[in-house]
Amino acid sequence: MKELLQRLEYRFDVSDIVQKRENQTFLTIDKKHTISLITHLRDIENFSHFVLLTAVDWIEDNLFQLTYILHNPEVNIDIAIRTMISRDNPEMDSAHHLWEQVATYQRELKEMFGINFPGSPGVNDSFILEGWDDIPPYRRDFDTKKYTEETYFPRPGRQTNDPAEYMKNKLYPNG
Amino acid sequence: MSEINNKNTSGIEKDKFFAPENEKRTVTAPDGQIIEIDPLNDYFCGDAPRVHKPHKNKLFESFLNWARAESIWVLGFGTGCGSIELYPLLTPRFDAYRFGIQMAPTPRQSSLMIISGYLSVKTLKRVVRSYEQMQNPKFVMGLGSCTINGGMYWDSYNTINRLDYYLPVDTYIAGCMPRPEALLAGFNHLKKAIKEGKGEGANKYAENFEWYKANQKKIIKDWNMPDYNW
Amino acid sequence: MAKNKIINWKPDRSKFPDIGQDGKPVVDLASQKYVKIWHGPNHPGVTGNMSLELTVNGDEIVDAKTHVGYLHRGFEKLMERRKYIQCFPIVCRMCVAETDFPEYIYAAAVEDLANIEVPEMAQWLRTLVLEMSRLQTLLRVVPGQGGTIGLGLGVQWGVYLRDLILDLFEELTGGRIYHMYIIPGGVRGLLPDGFKNRMEEILKKVDDYVIRLTSLMYDNAVYKKRTIGIGVIPTDWVDKYGIVGPNARAAGFKRDIRKDNPYLIYGQLDYEPFTTTESDIFARAVVRLEDLKTTVDLIRQIIAKMPLNGDIKAKTPNVLHWKIPKGETYVKSESSRGEFGFYLVSDGSEYPRRINLRGPSYTHAITVLEKLLINANISDVSALMVSLQTCPPEIER
């Protein structure tokens, strides 16, 4: 693992290396070199199994974090590649030519986060939602509770308690 | 009939959701014959559902109700996670067949629709279509607390909260998830109601048809089907 | 069963229409040569609530497209507005077939970020519950593979035995399907008295059942004829399309996370993953049957080696104000379908920042199934779906 990271650092401009466990490493790379790093890992370092691609919404910094997790089945190590893209007009290079199933992940991200992957097959087809006309639902600024109350018909009588307050009142009713 | 059909199809806006295979077109068959196809008018019936009044003879009506109650055929449509408890229900341990309950593969052969758990908007569209294809008399059973008030998913943007705003529900079974024993109790409750002549969900649907349709159309945003298509 | 290893197999497209730019055939429906058929969501032969859009020529499938989203509840959004302990009861509802796996990986991810050491007794109990969960799924799925082509008797027996396992679950945890047993930090309770004896009784019945099922299904000439040589996954697809678990083991890849990256106490247990190289529907059924035998063996080993008593829960802070340190992690486990992983991001607050579930069906049900269905007969669609063990809730959460 250490040697692999040294080799990667020598070739690529990777930063923020966090090694949580012996067989798992998280690292950050800029947007331009992400796909070439993934291609390098797949072809040279034998990370042949694509685990997942997902996004994290850092709304405070106006950034989306994309996380690609790859797995090397020969030595059983996972490597997770983080890359930050801007939240206004988010766009990323597609990686569907490396593994075909990446197109499915990109289709989901396009629908749920609104991140565009130009050139990815079927990226504009609806995947999970049907006829959605609000902002993409996995973004942090989408309020699911407000949307539910406006759209569906909540049955009256539901009470929401702050658990801490509720337990305090129950355990110490006299203050 | 054609008037109704025209009225029916004119309500559909040809927006981005309109499927190209539903458009009116002419096709040439392999043997050279030219056929005109208008799917929305050819395949669907535009007639709204009607209220079926009980038979004048009360004895005969009670006989019919007994027959309806003793042969409940369930549509095999696992809409949510509750369908996993239907496996034990239909196998030797709980054996629902002894109550006359049986799975039916298509909507037209079945009389009971079990909404097994949460119902996402995308499934609701299919459920409405399947329900309208079922023959009268038909019943709906809501399984799990998600159909009653949303349950675990009360704040989810994609699941409905109250099933009775979209379909007429005859029996609710509470629990997350309800045990097979609870399901059997629910079936017996439904049978009792049918025998007493209280299983009037289909008539309720016909009477309040516009209200149900308005609620359904409120959440199914890409309404690209006729209003009624049995 | 003697066949050569198939290295490079491609669907035969010679009599079918041109392939478009996106790799999909351009089908002219107006020519009346092709018919479009929807397989599901309302169909007896579909696994769960999903649908396949099939274009057929006669009874041969030309093109297939998977449609999912019928079970979408937006878990990843719901969990962002719940505290860590409030997520714990809803996380098991992500996958109804094996509810303990999402529970375990959620707990493991939280413990990994919060640096909590789980007591040894809790680890044994977790392993036991996970293996029981795998056993109850396999008892439904293994005969279910025959059920798809009309062999219903095995299903009747299997689901009865599965129900006995669910009774044990009820004894241990209080719930039949949703257990909410593996809590972040440990487990909720110890084994009840006499649990091990009752378990052994049921395991004996399962042993007996395996013998009966072998003669009923695996030696059945009709079942063999319908499955051998059909739905072959070529070996080069396994890495290309992310095939994991039993489907990869049937193609000759010895991939089992329990063995490769031992978690919990799997390192102390003795077993060997079973592999074959035929990679057709029958081979996958054989692998699942061997998995069932392995699981029974593992449960026996766990019960024999398990300590009698001990701490079952690590000390955690007040769960109502539990702030998890900033960081991210990916935790995985081997479910009966393959790699089941959880990606958890914490921003240092009381609420999770982002949660993502990686289910094996994500690739099996979409990329692989769409490819395997081409040139298949329409009567084999259900058999193919069940043999890949597709489960839609983990695709859309």
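## Exercise 1: a cysteine in chain C

C:Cys87 has 21 C-beta neighbours inside 10 Å, so this residue counts as buried. Keep in mind that you're looking at a predicted model.

**Task.** Find the helix that holds C:Cys87, then list what C:Cys87 touches, leaving aside its neighbours within four places in sequence.

**Solution.** 
- Step 1: Look along chain C for helix α2, residues 84–91; C:Cys87 lies in there.
- Step 2: Check the burial yourself. The cut-off for buried is 20 or more other C-beta atoms within 10 Å, and C:Cys87 has 21, so it counts as buried.
- Step 3: Once neighbours within four places in sequence are left aside, the contacts of C:Cys87 are C:Met79, C:Arg82, C:Tyr106 and C:Pro352.
- Step 4: Pick out C:Pro352 from that list. C:Cys87 and C:Pro352 sit 265 residues apart in sequence, yet their C-alpha atoms are 9.0 Å apart in space.

## Exercise 2: a glycine in chain B

**Solution.** 
- Step 1: Go to the loop between β5 (112–116) and α5 (121–133) of chain B, where B:Gly117 is found.
- Step 2: Count the C-beta neighbours inside 10 Å: there are 31, so B:Gly117 is buried.
- Step 3: See who they might be. Not counting residues up to four places away in sequence, B:Gly117 touches several residues, among them B:Thr79, B:Cys81, B:Leu143 and B:Met177.
- Step 4: Now for B:Pro49. B:Gly117 is 68 residues from B:Pro49 in sequence and 27 Å from B:Pro49 in space, C-alpha to C-alpha.
- Step 5: Zoom out to the whole chain. Chain B has 9 helices and 7 strands, and 40% of its 230 residues are buried.

## Exercise 3: the nonpolar cores

**Task.** Which residues have the most contacts inside the largest nonpolar core?

**Solution.** 
- Step 1: Start from a general idea: in soluble globular proteins, nonpolar side chains tend to be buried together.
- Step 2: Here the largest nonpolar core has 148 residues, and A:Leu70, C:Ile105, C:Ala109, C:Leu369 and C:Leu384 have the most contacts inside it.
- Step 3: Helix α4 (residues 120–147) of chain C gives the most to this core, namely 13 residues.
- Step 4: There's also a second, separate core of 45 residues, including B:Ile114 and B:Cys146.

## Exercise 4: where chains touch

**Task.** How many residues does each chain bring to the contact of chain C with chain B?

**Solution.** 
- Step 1: Chain C brings 28 residues and chain B brings 33.
- Step 2: On the chain C side, α5(C) has the largest share, with 4 residues.
- Step 3: By class, that side of chain C has 13 nonpolar, 8 polar and 7 charged residues.

Definitions and conventions
Residues are numbered from 1 along each chain as its sequence is written. Chains are lettered from A and ligands numbered from 1 in the order in which they are written. This is a predicted model: local features need pLDDT of at least 70, side-chain atom pairs count only at pLDDT 80 or more; totals for chains, interfaces and linings use all residues. A nonpolar core is a set of buried Ala, Val, Leu, Ile, Met, Phe, Trp, Tyr and Cys residues joined through C-beta atoms within 7 Å. A residue is buried if 20 or more other C-beta atoms lie within 10 Å of its own, exposed if 12 or fewer, and partly exposed in between; C-beta atoms are placed from the backbone. Helices (H or I, at least four residues) and strands (E, at least two) are DSSP runs, numbered from the N terminus. Two residues are in contact if their C-beta atoms, placed from the backbone, lie within 7 Å. Ala, Val, Leu, Ile, Met, Phe, Trp, Tyr, Cys and Pro count as nonpolar, Asp, Glu, Lys and Arg as charged, and the others, Gly among them, as polar.
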